[in-house]
Amino acid sequence: LIREEGKANPDDPEDLRRRLSQAGFPAEKLAGLNHDRLLAEVMDEIVEPTLIQPTFVTHYPAGLNPLCKRNRENPELTDRFEVIVAGMELANAFSELNDPLEQRARFEEQVKAAGDEAYCNAVDDDYVSALEVGLPPAGGLGLGIDRLVMLLTGATSIREVILFPTLKPREGIEE
């Protein structure tokens, strides 16, 4: 998809940077992205909006998915898919990694690669401990009901379909 829809060579980080730059991606953000993150940004920013018909996207880089099992045929990839419809992700699914040694190593890799980014600044030792005592093989499917409703109603913003939006305090009312 990156080659066909994104008009970029997925094996060439400089070509991915060039393509993102052409698409208006901020130059300051490009500098710090590794190859896997470049692939993800090309998918999100360039390819995904072109996928109108329901499309199953597979073959995600292992570096982006620390909780996913590696693909048996190509360990650089994971056993994960996303369903893209009308230019947006509708569902995401993967087989969960259940090897505690590999999971710890992947968490440590993610922390090292993230630097100071808050979303992954520590290894989840509790999760790794659960794997060590026998968490069974697992998998899951995340289907965005709000995104499905957007698709069915033709809404252009998720705010239009959220049933219970976050409540904000009103001005002039003391809590």
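Helices (H or I, at least four residues) and strands (E, at least two) are DSSP runs, numbered from the N terminus. I use these labels throughout my entries.

**Entry 1: the model.** I am working from a predicted model, in which local features need pLDDT of at least 70, side-chain atom pairs count only at pLDDT 80 or more, and totals for chains, interfaces and linings use all residues. Residues are numbered from 1 along each chain as its sequence is written, and side-chain values use heavy atoms, with hydrogens and water left out.

**Entry 2: overall layout.** I looked up the secondary structure and found 6 helices and 4 strands. Read from the N terminus, the order of elements is α-α-α-β-β-β-α-α-β-α. For burial I used relative accessible area: buried is under 20%, exposed is over 50%, and partly exposed is in between (1.4 Å probe, protein chains only). Of the 175 residues, 33% count as buried. For contacts I took heavy atoms within 4.5 Å. Among contacts with a separation of 6 or more, 51% join residues 24 or more positions apart.

**Entry 3: H1 against H3.** Two packed helices are described by the angle between their axes and the distance between the axes. Axes here are lines fitted to C-alpha atoms, for helices over the stretch in contact, and angles run from 0 to 180 degrees between N-to-C directions. For H1 (residues 13-22) and H3 (residues 35-47) I noted an angle of about 35° and axes 10 Å apart. Their crossing is left-handed, a term for a near helix turned anticlockwise from the far one by less than a right angle. From H1, the residues in contact are Pro13, Leu16, Arg17, Arg19 and Leu20, and from H3 they are His35, Leu38, Leu39, Glu41, Val42, Glu45 and Ile46. By class, this contact has 7 nonpolar, 1 polar and 4 charged residues. I counted Ala, Val, Leu, Ile, Met, Phe, Trp, Tyr, Cys and Pro as nonpolar, Asp, Glu, Lys and Arg as charged, and the others, Gly among them, as polar.

**Entry 4: Glu45.** I then took Glu45, which lies in helix H3. Glu45 is partly exposed, at a relative accessible area of 47%. With neighbours within four places in sequence left aside, Glu45 is in contact with Leu20 and Phe25. Phe25 is 20 residues from Glu45 along the chain, and their C-alpha atoms are separated by 8.2 Å.

**Entry 5: Ile84.** Ile84 sits in strand E2 (residues 77-85). Is Ile84 buried or exposed? Ile84 counts as buried because its relative accessible area is 1%. Leaving out neighbours within four places in sequence, I listed its contacts as Glu48, Leu51, Gln53, Pro54, Thr55, Val57 and Glu89. I also checked Thr50, 34 residues away along the chain, where the C-alpha separation from Ile84 is 9.7 Å.

**Entry 6: the largest pocket.** A pocket is, on a 1 Å grid over the protein atoms alone, an open set of points where a 1.4 Å probe fits, with protein on both sides within 12 Å along at least five of seven lines; lining residues have an atom within 4 Å of a point. Grid points are joined across faces, edges and corners, and a volume is the space filled by probe spheres set on the points. The largest pocket has a volume of about 720 Å³. Its lining has 28 residues, and Ile2, Leu39, His59, Tyr60 and Pro61 lie nearest its centre. Two or more lining residues come from each of H3, strand E1 (55-61), E2 and helix H4 (100-114). H3 gives the largest share, 7 residues. By class, the lining has 12 nonpolar, 5 polar and 11 charged residues.

**Entry 7: positive phi.** Most residues other than glycine have a negative phi, and most peptide bonds are trans. His59 has a positive phi of about 65° although it is not a glycine. His59 is in strand E1 and is exposed, with a relative accessible area of 52%. Ala86 also has a positive phi, near 55°. Ala86 is in the loop between E2 and strand E3 (88-96) and is partly exposed at 39% relative accessible area.

**Entry 8: Lys69.** I found Lys69 in the loop between E1 and E2. Lys69 is partly exposed, at 27% relative accessibility. Not counting residues up to four places away in sequence, Lys69 touches Leu77, Thr78, Asp79, Ser95, Glu96, Leu97 and Asn98.
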